[in-house]
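This report describes selected features of one protein structure. The sequence and the coordinates are shown first, and the commentary comes after them.

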Amino acid sequence: MAHEDKTFQIFGMEIQPDNPDLTEEELEKLKGLMLYQSMLFKASFIPFVKDLMEMNRIELSVDPEAKVSEWALRAKSALNFSTFIETLGLQLFSSAVYPGEQLLAENEFFKLNFIPARGKPLRALFHIGGYIPYSDNIFRLLPERNFFDHFIKNGISVYEMKCKCDKKNYNPGLLKLKLDHIIETVHHFSDKAFEHNSHQKMILEGYCGTGINTYTSYLADRENMDRKFSLITTFVSPVDGRKCNIFTEMFNVLNSLHIFSAFDVDGYSLSTALDVVQERVFEKTPLGAMTHGWKNKEYANIEKIEDLNSFQRSELAAWYWISLKHGSYYPISADLYRFYLRLFRKGIGKDGVIPHKYHGKILNIKDLKETGIKVVIFLGEKDNLVAPKTADIMETLLGEQCVKIIHEKTGHVAYIFNPERWESNNKRAFQPGIIETLLKYSE
């Protein structure tokens, strides 16, 4: 009689009833997978129920005699919106270009673009590019909503170090990108920028996950970087990563799935893990997109890109940016994954040591005192990804050399999505003003 194979699988693991004992590693993997499934269900089901309740509320408010035409309108809007994300959203996303910009340098991973100030140049800002979820194309979101426009309008030229990332195709080159490549590119490109800027000192700037590289790059070659920069500034960037709960949870989820730090992490897994901990899974599904369109019936009247109003342009560009399809184009290399895992689990403690050695050299925040360079940190009070307390350690380590500014009612991408808040005469303007602050401390 043939032997009957009673082996069965749970989440991809083979279990034998005659030998049910699991190894410690298998048990941890099973527990992690079950926890992930529970979190995934919660992140999908609860938003789905909330959307159903909202749709029901809308339906009850509709005049019974107009329900048929109302349903037809909303159905068309639902179909339109889900389609527009990958058509109009793709076309709009990262579409900002600037008069007179030019390519100054490039290597395997990055390009260096020069964006000239409008009018008389007062300063120059060197923007550090690098890996962030969904790509650093976000800084060029839209012609009317982008990060660099505010600087060039106010006399600050921009040297943009940007990843060579295709916004509509998978980017396998990112799998070779290491932290040391970023540091070395900053050194090389900033040499080029410094020469191009007539040897005038610049502002070194990073946003979100690239902010930590203002410190790693500067500390890896203090003498040469001090020659080129008068100020370090970061926007919503994690320093003591242990205090950034959502990112910490994201890495815990990835590790619970046994996507260990020894391996590259595909963009889909990383984006999904981030969605799970933020309970945003449902809206990323086709049904979630259609539900959003149903609730916002104005999309029924859209036929071409010119029909979109300002809010709709921003909304579609943003939905494409954070879509699972687009997010899957940007894997993170094992080297960078290990670094960010250490940053969000170990952080930067009272010893000031950054959890990375550059060619065997210890990088310590305290060593910024040797040059005395000023550090200005901008944070958002309502940032759910990078809590303001992540930068408390910088004040402890640097004292008055560090200026920490927390902008009220400000989220993680507000500096990109809310251009009106950069205007000093706006009632919701950032206080203190960003441009004024940078000019003051970079003198």
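## Basis of the description

The model is predicted, so that local features are described only at pLDDT of at least 70 and side-chain atom pairs only at pLDDT 80 or more, while totals for chains, interfaces and linings use all residues. Residues are numbered from 1 along each chain as its sequence is written, and side-chain values use heavy atoms, with hydrogens and water left out.

Helices (H or I, at least four residues) and strands (E, at least two) are DSSP runs, numbered from the N terminus. Helix α8 covers residues 245–256. Its 12 residues reach 16 Å from the first C-alpha to the last, close to the 16 Å expected at 1.5 Å a residue; the expected span is 1.5 Å times one less than the number of residues. Because 9 of the 12 residues of α8 are buried, this helix is largely enclosed by the rest of the structure. Here buried means under 20% relative accessible area, exposed means over 50%, and partly exposed lies in between (1.4 Å probe, protein chains only). The buried residues of α8 are I246, F247, T248, M250, F251, V253, L254, N255 and S256.

Helix α11 (residues 310–321) also has 12 residues, and it reaches 17 Å from its first C-alpha to its last, close to the expected 16 Å. This helix is mostly covered, with 10 of its 12 residues buried. Those in α11 that are buried are Q312, R313, S314, E315, L316, A317, A318, W319, Y320 and W321. At the start of α11, the backbone nitrogen of F311 has a side-chain oxygen of N309 within 3.1 Å.

A salt bridge is counted where a side-chain nitrogen of Lys or Arg lies within 4 Å of a carboxyl oxygen of Asp or Glu. By this rule there are 21 salt bridges. One of them joins the side chains of E101 and R140, at 2.9 Å from N to O. This pair links distant parts of the chain, 39 residues apart: E101 is in the loop between α3 (88–92) and β3 (102–106), and R140 is in the loop between β5 (123–127) and α4 (149–153). E101 is partly exposed, at 27% relative accessible area, whereas R140 is buried, at 7%.

The side chains of E106 and K164 form another salt bridge, also given as 2.9 Å from N to O. E106 lies in strand β3 and K164 in the loop between β6 (156–163) and α5 (179–196), so the pair ties together parts that are 58 residues apart in sequence. Both partners are partly exposed: E106 has a relative accessible area of 47%, and K164 has one of 36%. A further salt bridge, of 2.7 Å from N to O, is made by the side chains of K176 and E108. K176 is partly exposed, at 48%, and E108 is exposed, at 51%.

Salt bridges that share partners join E70, R74 and K297 into one network. E70 lies in helix α2 (residues 67–84) and is buried, with a relative accessible area of 12%. The side chains of E70 and K297 are also joined by a polar contact of 3.4 Å. A polar contact is a pair of N or O atoms within 3.5 Å; within protein, one must be able to donate a hydrogen and the other to accept it, and residues adjacent in sequence count only if both atoms are side-chain atoms.

The structure holds 0 disulfides, a disulfide being a pair of cysteine sulfur atoms within 2.5 Å. For C208, the closest cysteine sulfur is that of C244, 8.9 Å away and therefore too far for a bond. Both residues are buried: C208 has a relative accessibility of 8%, and C244 has a relative accessible area of 1%.

## A nonpolar surface patch

L79, L287 and M290 make a nonpolar surface patch of about 260 Å². Patches are made of residues with over 30% relative accessible area and no salt bridge, with like charges joined within 9 Å and nonpolar side chains (Val, Leu, Ile, Met, Phe, Trp, Tyr) within 5 Å. Accessible areas come from the Shrake-Rupley method with a 1.4 Å probe, and for residues only the protein chains shown count as cover.
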